[in-house]
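Biologist: Could you take me through how the parts of this model pack together? I would like the cut-offs along with the answers.

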Amino acid sequence: MSPLARSKTDSVPQPASTPPELIRNFCIIAHIDHGKSTLADRMLQETGVVEQRLMRAQYLDRMDIERERGITIKSQAVRMPWAVDGTTHILNMIDTPGHVDFTYEVSRSLAACEGAVLLVDAAQGIEAQTLANLYLAMENDLVIIPVLNKIDLPAAQPEKYAEELAGLIGCDPAEVLQVSGKTGAGVPELLDRIVELVPHPVGDADAPARAMIFDSVYDTYRGVVTYVRVVDGGLSPREKIAMMSTKATHELLEIGVISPEPVPSQGLGVGEVGYLITGVKDVRQSKVGDTVTGAGRMATKALGGYHDPRPMVFSGLYPIDGSDYPLLRDALDKLKLNDAALVYEPETSAALGFGFRVGFLGMLHLEIVRERLERESGLDLISTLPNVEYEVRLDDGTVVEVTNPSEFPSGRIASITEPVVRSTILAPSEYIGAIMELCQTRRGTLKGMDYLSPERVEMRYTLPLAEIVFDFFDALKSRTKGYASFDYEPDGSQEADLVKVDILLQGDTVDAFSAIVHRDKAYAYGVQMATKLKELIPRQQFEVPVQAAIGARVIARETIRAIRKDVLAKCYGGDISRKRKLLEKQKEGKKRMKMVGSVEVPQEAFIAALSQDGGAAEKAKK
Amino acid sequence: MPSTFPPGDPAPPDGALPATALEGMAARTLGVYLHVPFCRVRCGYCDFNTYTLPELGADADTGRYLGAALAEVELAGRVLAPGDPPPASTVFVGGGTPTMLAPAALGALLGRVRDTLGLTDEAEVTTEANPDTVTPRVAEELAAQGFTRVSLGMQSVVPHVLRTLDRTHDPANVERAVAAVRAAGLQVSLDLIYGTPGESLEDWQSSLETAVSLEPDHVSAYALVVEEGTRLAAQVRRGELPAPEDDDEADKYELADRVLAAAGYHWYEISNWARGDAHRCRHNVAYWRGGDWWGVGPGAHSHVGGVRWWNVKHPQAYADRLAEGLSPAHAREVLDDGQRHDETVLLRSRLAEGLPTDLLSAPARTAVAGLVADGLVDGPAAVRGRVVPTLRGRLLADTVVHRLLPG
């Protein structure tokens with residue numbers, strides 16, 4: 001019932017010699033801003049593993065981007081002692097990524113646990129993303145402990161949302177715990193409840209070692225740090241280990257637990273959670289979901305559930321300054337060490353120069369990768385419109401995989417298939433109409449609808465992935481005043497009537513603007529791009545037609561009229577320095593111009609035209 | 001003179017110039033610009049360094065300004081002396097509204113230039129003037145003080161255009177002022193502005209025709225520029241007035257060139273037309289040819305032998321500096337060869353006399369062919385070794401300059 005005093009730490013079970021009966025492995029399932037990190041920090045404090053004065057807000061989220069966005073990309077596992085009725089138990093808190101792009105990582109983290117804390121903001125209720133992860137947790141047979149957080153908020157409605165949670169997981173509203181990560185209220189009770197309800201791990205201590213990798217992180221100083229949950233047997237220092245998917249063997253340089261800093265240990269036993277360091281430099285050699293075994297005494301059967309991450313969204317990434325291409329290549333190579341899901345290959349665009357076609361797990365993954373590249377390597381990047389992977393079947397039976405509109409075949413097309421997703425939208429019921437309308441324009445099919453409470457509804461849609469990679473979430477938010485939440489998972493593919501729309505400047509195709517869109521939307525896309533480019537491209541000495549075309553058929557046309565005047569009329573003594581400096585600046589600007597045929601296009605125009613928010617177009621004009 | 005300064009290097013407190021700048025001065029021409037930073041009211045479009053007397057506060061004193069300006073003329077004499085400068089061949093008094101000062105005060109300034117720097121016998125001595133302030137008596141006094149030329153801020157004859165510009169003069173006074181100036185034996189130039197929000201092509205045409213009917217010796221026509229920080233810019237930003245449009249200004253420029261040419265005025269610089277070579281503003285031509293001039297007054301710019309500097313802006317700070325015996329220069333820049341070349345191309349390609357092609361780099365000389373082909377540069381002139389912009393080239397002078405400065 002209490003944190004352990006420092007003087008009594010010798011009574012705490014040590015790694016490699018902790019009876020499984022005293023171990024509780026759990027995770028926290030929560031929506032982005034529902035206070036998971038604050039609660040986790042508070043648990044570290046209550047259990048005494050972090051002293052108050054050393055407490056850094058959101059201890060567990062390490063990367064800057066995570067900190068800024070309030071989301072967790074990489075999970076970690078912290079070992080915390082907690083005594084109940086005079087017996088010290090070991091709680092392993094496994095932090096899970098909270099976003100749908102990382103569903104696979106989430107599923108592996110969940111597989112390392114026996115229980116999950118379902119944490120919901122008492123002022124907001126459950127969100128679609130949380131619901132998705134809750135389903136995953138229930139599929140993994142985890143014991144769910146429902147908790148309402150932020151009960152200290154004036155806007156908290158604990159009774160209402162306790163009702164909602166109870167209805168969802170089939171418990172009594174009275175069983176829903178109420179806590180405040182901010183004030184610490186209810187946190188000791190929650191820790192007690194975890195010890196009470198989460199089943200202890202069960203495994204065969206005498207069997208060959210089997211440990212599941214649930215995370216793998218690249219550290220500049222240590223190389224890859226691999227997080228594992230031991231299922232059977234045990235791992236000990238300086239032992240040789242093997243990866244079951246590749247049969248590759250590695251020397252174990254260090255083994256230990258996180259509490260909350262890495263602490264080397266005498267090993268890890270059944271049910272324990274900790275880290276391994278083998279000296280490998282690439283997270284691909286230590287893949288999430290893989291099974292670690294002893295090289296001397298190998299297990300015969302891997303733990304289930306492993307698969308390679310598969311990119312769903314593709315985009316071209318180009319350095320704004322063409323001479324930064326080698327920097328971008330190095331930055332991607334470096335990032336790859338820490339991101340097993342990142343795939344890329346060199347690509348050339350007539351408009352944008354040399355870059356890479358990069359595959360991502362989803363839109364958030366794209367944004368994070370882009371931000372990390374820009375931030376950590378000081379690069380300015382343009383990303384092309386994201387697209388999905390299409391399968392194009394030609395009349396002659398050839399099948400072409402298209403991840404870039406430029407690969408779209410020009411021959412006679414028999415059929416095209418596109419990936420679809422199964423999505424869940426949670427929203428106040430007053431927005432049902434607006435959501436239906438949006439999903440209809442995005443070619444969605446309504447699969448079902450349930451009321452979570454009289455005011456909240458869950459809508460299930462099948463949607464083409466291509467329709468949500470662009471700006472779906474923004475559109476959803478704006479139509480529901482920000483109240484809707486959204487989640488999706490891949491759900492196979494479907495045939496669709498798709499065409500490639502090209503954008504031409506004075507007759508020359510600008511490859512960066514080509515897009516594969518549904519035939520019904522080709523005209524709208526063409527008009528939108530032509531209008532945008534007319535706004536963005538400065539007038540030239542000659543008239544420049546901007547056209548959108550499907551094959552040879554022009555579907556939209558705008559004209560950039562020829563410029564007639566560019567000079568300032570006045571240039572007297574006091575104007576000369578200013579004018580010369582302006583000229584010098586313009587000369588620099590010229591270097592950032594890209595030639596499309598004989599048309600000079602400023603880099604900013606490409607960026608603005610490719611950007612998804614309307615504001616960028618305005619900015620580029622200034 | 002725009003009131004925003006370019007960034008520059010610190011200027012020495014005594015105003016001394018590097019020997020390289022003074023070298024060969026004797027063989028060049030020297031001009032003097034005198035800036036009078038006062039106006040009765042500030043016009044909404046104006047970003048020049050000028051102040052209304054209430055703005056300057058209770059201790060504002062045109063007398064203090066005058067003393068400081070006279071002191072700066074003497075500073076110029078001391079700084080330039082080692083270069084053995086020629087007497088000034090042009091003087092231009094601008095503002096502000098120079099005629100806020102009495103002709104005698106302007107005469108005192110001119111006298112100090114004559115005494116300190118010298119003035120050639122044929123010197124062109126211009127003052128800008130508000131049409132309302134130029135009576136026959138003022139014109140005669142200006143002539144008596146040694147002025148040879150008056151540039152009148154006419155801007156437009158259309159009342160709603162003048163109102164938008166905050167110009168308070170009575171259009172009818174322009175005719176009276178022209179007559180007074182001419183009667184005093186002085187040359188007269190009219191300044192016009194086109195592209196004011198709300199000005200139609202017809203409005204502009206009537207301004208041009210009225211200007212021509214007054215038979216001035218010289219006409220300047222400027223496209224209105226909405227400068228940051230002016231009241232006009234705020235009105236445009238708030239959507240109260242439409243922003244000037246390039247196409248509209250191009251139409252109006254072409255109209256101006258047509259009307260003025262038909263009346264016997266020939267363009268000699270992008271925005272300037274004169275009845276004959278003798279009526280060109282020699283002071284301004286010297287700017288474009290890269291000549292030397294000393295700018296006296298708050299915020300005034302100067303150029304001597306590849307060194308450009310500019311004075312502190314505020315009249316009080318300006319007077320304080322000179323009272324302490326210091327140079328009023330705020331900052332300066334010493335141009336390197338590349339910058340001087342850029343300026344030569346930038347300025348001389350604005351002129352009807354043209355930019356000699358032998359001043360251009362080899363790739364730029366090749367680029368001239370492309371400019372001729374695109375109709376931006378006059379072909380026959382190019383063959384004779386001069387880059388002279390065509391009408392289209394004058395409107396696209398920035399493009400011309402960029403192509404003459406490749407790389």
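Predicted model: local features only at pLDDT ≥ 70, side-chain atom pairs only at ≥ 80, totals over all residues.

Modeller: Residues are numbered from 1 along each chain as its sequence is written, and chains are lettered from A and ligands numbered from 1 in the order in which they are written.

Biologist: How many residues of chain B are in contact with chain A, and how do they divide by class?

Modeller: Two residues are in contact if their C-beta atoms, placed from the backbone, lie within 7 Å. By that rule 36 residues of chain B touch 23 residues of chain A. Ala, Val, Leu, Ile, Met, Phe, Trp, Tyr, Cys and Pro count as nonpolar, Asp, Glu, Lys and Arg as charged, and the others, Gly among them, as polar. The chain B side that touches chain A therefore divides into 18 nonpolar, eight polar and 10 charged residues.

Biologist: Are α12(A) and α14(A) roughly parallel or roughly antiparallel?

Modeller: Helices (H or I, at least four residues) and strands (E, at least two) are DSSP runs, numbered from the N terminus. Axes are lines fitted to C-alpha atoms, for helices over the stretch in contact, and angles run from 0 to 180 degrees between N-to-C directions. The axes of α12 (residues 519-536) and α14 (residues 603-610) of chain A come within 10 Å and cross at roughly 150 degrees. Angles under 35 degrees count as roughly parallel, over 145 as roughly antiparallel, 65 to 115 as roughly perpendicular and the rest as oblique, which makes α12(A) and α14(A) roughly antiparallel.

Biologist: Which residues of α14(A) make the contact with α12(A)?

Modeller: The contact has six nonpolar, no polar and one charged residues. From α12(A) come A:Met529, A:Lys532, A:Leu533 and A:Leu536. On the α14(A) side the residues are A:Ala605, A:Ala608 and A:Ala609.

Biologist: Are α4(B) and α5(B) roughly parallel or roughly antiparallel?

Modeller: The axes of α4 (residues 103-116) and α5 (residues 136-145) of chain B are 9 Å apart, at an angle of about 15 degrees. Among the residues in their contact are B:Leu106 and B:Leu110 of α4(B) and B:Val138 and B:Leu142 of α5(B). Given the angle, α4(B) and α5(B) are therefore roughly parallel.

Biologist: How many residues of β11(A) are buried?

Modeller: β11 (residues 254-258) of chain A pairs in the antiparallel sense with β13 (residues 273-277) over three bridges, and a hairpin of three residues joins β11(A) to β12(A). A residue is buried if 20 or more other C-beta atoms lie within 10 Å of its own, exposed if 12 or fewer, and partly exposed in between, with C-beta atoms placed from the backbone. β11(A) is largely enclosed by the rest of the structure, because its buried residues number four of the five.

Notes. Pairing = 2+ DSSP bridges.
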